[in-house]
Amino acid sequence: LIGIMQQGKVNVVDCLNRLREQLAARGAKTIRGLGRSFRLFDSFDGNRKVDAQEFVNGLHDNGLEMSKAEADALMTYFDKDGDGCINYDEFLIGIRGKLNPKRQAMCDKAFLKFDRDGNGTIEA
């Protein structure tokens, strides 16, 4: 995890945990709920991407006050492709994190059922 997940002097893990807690307190505990939260962040132009200003406004609208440095660090954490915006997949993966080993094993097992020829892809 990016060192100790610190960007400068900002602890990204702490900021991320605060955001997760606030979103959960507002009912965003499922993928559907997180999707609603993402759409609220993106409510200004509806382009399915959240830019830096939308992100800061979304944090504020969700009752989470962060410094500019904290918001910038979170923005950098979420923006995996470096385009200056957070898309839904980046947001979802950043908030939810990776699957726990038990759930990953279950998904892998289900995938193998559909991957009939064992080539690592599923054909329709």
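With which residue does Lys49 form a salt bridge? The partner is Asp83, and the closest N and O atoms are 2.9 Å apart. A salt bridge here is a side-chain nitrogen of Lys or Arg within 4 Å of a carboxyl oxygen of Asp or Glu. The pair links distant parts of the chain, 34 residues apart. Lys49 lies in strand 3 (residues 49-51), and Asp83 lies in the loop between helix 5 (68-78) and strand 4 (85-87). Lys49 is partly exposed, with a relative accessible area of 32%. Asp83 is also partly exposed, at 34%.

The model is predicted: local features need pLDDT of at least 70, side-chain atom pairs count only at pLDDT 80 or more, and totals for chains, interfaces and linings use all residues. Residues are numbered from 1 along each chain as its sequence is written, and side-chain values use heavy atoms, with hydrogens and water left out. Helices (H or I, at least four residues) and strands (E, at least two) are DSSP runs, numbered from the N terminus. Buried means under 20% relative accessible area, exposed means over 50%, and partly exposed is in between (1.4 Å probe, protein chains only).

The structure holds four salt bridges. One of them joins the side chains of Asp14 and Arg18, at 3.8 Å from N to O. Both residues sit in helix 2 (residues 12-25), and because they are four residues apart, about one helical turn separates them. Asp14 is partly exposed, with a relative accessible area of 40%. Arg18 is partly exposed at 23%. Another salt bridge is formed by Asp72 and Lys68, at 3.0 Å from N to O. These two are four residues apart in helix 5, so they are separated by about one helical turn. Asp72 is partly exposed, at 35%. Lys68 counts as exposed, at 62% relative accessibility. Salt bridges that share partners also join Asp14, Arg18 and Glu70 into one network.

Side chains of opposite charge can pair when their charged atoms come close. Asp115 has no salt bridge, yet this residue is buried. The nearest side chain of opposite charge, Arg116, is 8.5 Å away. In this count Lys and Arg are positive and Asp and Glu negative; His and the chain ends are not counted. Asp115 is placed in the segment after helix 7 (101-114). Neighbours within four places in sequence aside, Asp115 is in contact (heavy atoms within 4.5 Å) with Gly120, Thr121 and Ile122.

Val12, Cys15, Leu16, Leu19 and Leu23 are the buried residues of helix 2. They cover an arc of only 100° around the axis, so they lie on the same side of helix 2. The arc is that of the directions from the helix axis to the C-beta atoms. On the other side, Glu21 and Ala25 are exposed. At the start of helix 2, a side-chain oxygen of Asn11 reaches to within 3.0 Å of the backbone nitrogen of Val13. Gly27 follows helix 2 and has a positive phi, near 95°.

Most residues other than glycine have a negative phi. Arg48 is not a glycine, but its phi is positive, about 65°. Arg48 lies in the loop between helix 3 (31-41) and strand 3. At 67% relative accessibility, Arg48 counts as exposed.

Terms used: Polar contact = N/O pair within 3.5 Å; in protein donor to acceptor, adjacent residues only side chain to side chain.
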